[in-house]
Amino acid sequence: MDPFRVNARAYFEQEHGVDARRLERVLAEGLGRGGDFADVYVEYRQASSLHLEESLLKESRESVAVGAGVRVVVGEQTGYAYTNELSLEALLECARTAARIARGSRAAGSVNLSPQPVPDRYAVERPAHAAPMAEKVAFLRAADAAARAADPRAREVTANWSDEWRQVLIATSAGELVADTQPLATFSVSAVLEANGQRQAGWKNRGLRAGLEAFSVAEAERLAREAVAQAATLLTAVDAPAGEFPVVLAPGASGVLLHESVGHPLEADANRKRLSVFSGRLGERVATELTTVVDDATLPGLRGSVNVDGEATIPRTPTVLIEKGVLRAYLQDRLSARLMQMSPTGNGRRQDYSSIPIPRMTNTFLAAGDSDPEEIVRSVARGLYCQAFSGGQVEPAVGKFTFSMHEAYLIEDGRRTRPVKGATLIGSGEEILRNIVAVGHDLVLDRGAWACGKDGQSAPVGVGTPTVKIAKMTVGGRR
Amino acid sequence: MKDFPALAERMLAQARAAGAEDAEVHLSESTRFSTRVRQGTVETVTEATTRAVSLRVFLDQRVARAGASDLRPDTLEGLVRRAVERARLANQDPCAGLPDEFPAPPPAESLNLYDPALETLPADEKIALARDTEAIGLKLDPRVKNSGGAGFSTSRGRVWLVNTRGFAGTYRSSSCSLGLYLLGQEPGKAAQVSDYWYSAARQRAKLETPEQVARRTVERVCRHFGARKVQTQEAPVVFEPLLAAELLADVFAAVTGEAIYLRRSFLVDTLGERIAAAGITLLDDGLRPGGLGTRPFDREGVAAQRTLVIENGVLKNYLCGSYSARKLGRRSTGNGTGDGEAPTNFYLAAGPHAPEAIVASVERGLYVTRLIGQGVNLVTGDYSRGAFGLWIENGQLSYPVHEVTISGNLRRMLEGMEMVGSDLDFRDAFAAPTVKISAVTIAGT
C-alpha cells in the first residue's frame with residue numbers, strides 16, 4: 001500500500017499495528033509512576049533527493065525512517081525514550097524508561113483516546129514522492145541549462161531537489177489522538193561564476209509544504225538566472241563598510257533578522273528560565289509603534305506552517321508576539337505554558353521522533369506598515385540596502401544577534417548604488433526594536449528553504465518582512 | 001545486533017540480483033543517554049537505542065543511495081530494488097565507484113575508541129555528574145546565579161561496513177561529554193552575561209571533572225562583566241584555542257576535494273603554494289588514539305591515515321574521498337563519507353609561544369572568546385562574524401568587548417597567523433592552540 005495516500009492513523013494501524021488501544025496501553029504505562037502528562041509521537045518519514053552537478057545527474061537518494069518517542073512530564077521534568085520499533089513491547093519499554101523520571105507509585109490511570117480533526121493547510125495536488133523521478137530531474141536540468149545560458153562565466157552549477165512525506169500520529173494522556181501527513185519540498189540552485197581569476201557564488205531556493213504542482217520548469221529557470229545574476233553582481237562588489245550605519249532591509253528573506261533578534265528571545269522556555277532579555281516583560285513597550293511581529297502556523301503551504309505541532313496542539317490563529325511595539329505573547333509549548341500558567345500557542349515543535357518538543361517558531365514576520373518602500377530608501381543619506389541573507393544566530397540571554405548578508409548595496413544620497421560583498425551585521429534585539437523607524441507597506445513572506453536550529457534540532461521555518469529601515473546597526477565590513 | 005552481518009550480506013546479494021555491479025552497506029547501532037539539570041532540577045533525561053542502514057549501489061559508472069531506520073525485510077528489499085532502478089536513471093560518471101583499493105585498516109583496539117565503563121555507568125551517576133557540575137558552578141561567584149543548565153551525555157555503538165569488493169569491517173566507539181552554561185549579573189544591572197564550557201572524550205576517565213568544568217565556565221562568564229563596544233579599526237586578533245578551532249572548521253571546508261573540484265573554495269589551484277604563515281602546520285589525523293575524530297576506516301572502507309594538509313605554510317594536500325580523489329587525480333585520504341568528505345582529527349600543530357607571551361606581544365587588539373553567526377564565503381574566503389572578547393591594551397587583557405564583528409579574508413588570515421601557542425587543546429575533532437593573526441577589521445562604533 002502507498003503509505004501516503006491514506007490517513008496517518010489508518011496507515012499506522014494497518015501497516016504497523018499501532019492502533020488507539022496500543023497507544024492507550026503505552027500512555028498508561030508512561031504514567032505508571034505518576035506524572036502530569038505523557039505523550040507518544042509516532043512517525044514514518046519517506047524522503048528522496050536528487051543532485052545535479054557538472055550538468056550530470058550524479059545521485060539520487062531515498063530514505064525511510066520510522067520511530068516513536070514516549071515522553072513523561074512531571075513538574076519541570078521530562079523523561080524521554082525513543083525507538084525504531086513500533087511493536088507494543090518496544091513502545092512499553094520506552095514508556096517504562098521515560099517514566100523513570102517520576103518517583104511516585106500511583107497506579108496507572110486509564111486513557112481513552114479520541115481522534116481530533118486537524119485543519120488542512122498543505123493542499124497537495126500531486127504528492128512529490130509519488131511523481132516520476134524524471135519530472136523532478138527536469139527541474140534540475142532546466143536550471144542547469146538556464147544558468148549556463150545566462151552567463152558564459154558560469155563555471156559550476158549545482159541543482160538539488162528534495163521532498164519529504166511524513167506520517168505523524170500523536171497520542172496524549174489528555175485523550176487526544178491526532179494524525180497528520182506533512183509534505184515538504186525543496187528546490188535549490190547555485191552557480192559559481194569565474195572571471196579574471198575572481199570567483200563568486202550565487203544561490204536561490206524554494207521550500208514549501210506543497211506538491212509538485214507548486215514547482216515548475218519555468219520557475220527553476222528563473223531561480224537559476226537569479227542565482228547567476230547574484231553571482232555576477234558579487235563579482236563587481238566592493239568591500240562593505242565597517243562601523244555603524246542605517247540599514248534598509250529588502251522585503252522577504254530579511255525577515256531572518258526578526259527571526260533571530262526577536263523570535264528566538266520570545267520562545268517561552270528561555271523566558272520561563274530568565275534566559276532571555278524579554279523575560280517577565282509581557283505588556284511592556286519593547287519596540288517602536290511601527291512594530292508588529294506575528295508568528296503564524298496557519299498560512300497555507302508555507303514551509304513553517306503546520307496543521308498540528310509536535311505535541312498535538314493545533315494552532316488555530318496567528319500569535320501576535322509584539323503588537324504596535326508592546327510585548328503581547330511568548331511562543332509556547334505545553335510544558336512552558338503550564339508552568340507559566342498561559343495557553344499553548346501550537347509552537348511545541350520537534351525535529352523528529354528522537355526529539356523532545358520545544359518552543360519553536362513557525363512562520364515569523366513583521367507586519368506591513370504604511371511607508372512607501374522607495375521613500376524609505378530615499379530617506380537614507382549613507383547606509384546599506386540588504387537584499388539577500390545567508391543566515392543568523394542569537395544569544396537570547398544577552399540579546400546579541402548576528403545576521404549575514406549575502407547580497408547588499410550601498411545607499412548613497414538616497415539612492416541604491418554599488419553592490420558590496422557579504423558581511424555580518426551585529427546588534428542587540430532590544431536596540432533593533434527601538435531602531436525600527438520605518439516599515440513599508442510591501443510585506444513579502446519569503447518562499448526560501450529556511451531551517452532553524454535550536455538545541456541540536458532543525459525545523460523548517462518561514463520568514464517575512466516588508467521593507468524596513470533600522471536607524472543604526474554595526475556592519476562588519478572592511479572599509 | 002548479532003544478525004547485522006547477515007542482513008548486510010542479504011542486501012548486497014539483493015543489489016547484485018537486481019543488476020548492480022557493486023554495492024556497499026553501512027549499518028550502525030547506537031545507544032544514547034543525555035540529561036540536563038538546571039537549578040538543581042533534572043529537566044530532561046533521554047535514552048534510546050537506534051539502528052540505521054545505508055546503501056550505495058553502482059552499475060555502469062552510475063550510482064544511487066538509500067537509507068533506512070525501518071529495518072523490516074520488505075522495506076529493505078524495496079529500497080534496494082528501487083535504488084538499482086534509480087541508478088539506471090543517473091548520468092554515467094567515470095569517477096563513480098567504490099574505492100579502488102582497501103589497504104588493511106589499523107586494528108580498532110589500538111585506537112582506543114571504546115570505553116566499556118560507559119556500559120555500566122548508572123543513570124543516577126550520569127545525572128549526578130551534571131547536577132554536581134552545575135551546583136559547583138553556582139557557588140563560585142555571587143554574581144553567577146542563573147543557569148542554562150548542565151548537561152551530560154553518552155553515546156556508544158558499533159558500525160559495520162561491507163561491500164562487494166570484499167571489504168568487511170566493524171568497530172565499536174563511544175563518547176561522553178559534560179558541559180555547563182551559566183549566566184552572570186552584576187548587582188543593580190539588568191544585563192546578563194553568559195558563557196559555557198565543556199569537556200568531551202571517548203573515555204569517561206579522560207573527561208574533565210565537574211569541578212574543572214564549573215570553574216572554567218564561571219571564569220569565562222565573569223570576564224564579560226561591563227562589556228562595551230570598541231571603535232571600528234584594523235588591529236591584531238588573538239583566538240583562544242576553542243575559537244581558533246572554529247576557524248579551522250572553515251579551513252577544513254575549503255580543503256575538501258569536493259569544494260576544490262566544484263571550485264567552491266578560495267584554495268582552488270593552490271596546491272604546493274605558500275598559503276599560510278611560515279610555521280603553520282595543519283594535519284588531519286584519523287589515527288590519533290582516543291581522538292574524537294578517530295576511526296579505523298572511513299565511510300567507504302578506506303583506512304584512516306595521517307595527512308599533512310599545510311606544512312610550514314605550504315598547502316600539501318586536499319582531503320579526499322574516493323570520488324573527489326578521482327576527480328582531482330589524487331588518492332583518497334580516508335576522509336570519504338560516500339557523499340563528500342568529513343574531517344577526522346583536524347588540528348593546527350602547536351607552536352613555540354606561551355599563550356601569555358602571545359597576548360603580551362599585542363599593543364592594541366582583540367582577544368576573541370566567542371564567535372556567532374555565519375558570514376564565511378568559502379568561494380572567496382571573505383570572513384565576517386560577530387565576536388565577543390577581551391580588549392588587549394599594551395599587552396594586557398584590559399576590558400571585555402561585545403557586539404563587534406571581525407572581518408577579513410581567510411587566505412590573508414592564514415598568511416597573517418604570525419604566532420602559534422604551545423597550548424594545543426584536543427577538546428573536539430577540530431583542535432588548535434592559541435593563534436595570533438596580524439590584522440583584521442574590527443567593526444564597532
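Two strands are said to pair if DSSP finds at least two bridges between them, and the strands themselves (E, at least two residues), like the helices (H or I, at least four), are DSSP runs numbered from the N terminus. With that in hand, select strand β2 (residues 56-74) of chain A together with β3(B), which pair in the parallel sense over 4 bridges; within β3(B), B:G67 is the bridge partner of A:S63.

Before going further, note that this is a predicted model, in which local features need pLDDT of at least 70 and side-chain atom pairs count only at pLDDT 80 or more, while totals for chains, interfaces and linings use all residues. Residues are numbered from 1 along each chain as its sequence is written, and chains are lettered from A and ligands numbered from 1 in the order in which they are written. Colouring chain B by pLDDT, the predictor's confidence in each residue from 0 to 100, shows an average of 96, with 100% of the residues scoring at least 70; for the complex, the predictor gives an ipTM of 0.94 and a pTM of 0.95.

Next, select the side of chain B that touches chain A, where the contact takes 58 residues from chain B and 64 residues from chain A, two residues being in contact if their C-beta atoms, placed from the backbone, lie within 7 Å. Among the elements that each supply at least two residues to this side of chain B are β3 (62-68) and α2 (73-89), and β2(B) gives the most, with 10 residues. By class, this side holds 18 nonpolar, 26 polar and 14 charged residues, where Ala, Val, Leu, Ile, Met, Phe, Trp, Tyr, Cys and Pro count as nonpolar, Asp, Glu, Lys and Arg as charged, and the others, Gly among them, as polar.

Now colour chain B by domain, with domain 1 at 4-222 and domain 2 at 227-445, bounds that come from an automatic or database domain assignment. The C-alpha centres of these two domains of chain B lie 24 Å apart, and their contact takes 29 residues from domain 1 and 25 residues from domain 2. On the domain 1 side, β5(B) gives the most, with 4 residues, and the whole side has 17 nonpolar, 7 polar and 5 charged residues.

Finally, select the open sheet of 5 strands in chain B, which has the order β10-β9-β8-β11-β17 with mixed pairing. β10 (314-315) and β17 (430-431) of chain B stand at the edges, each with a single partner strand, so one side of each is left without a neighbour in the sheet.
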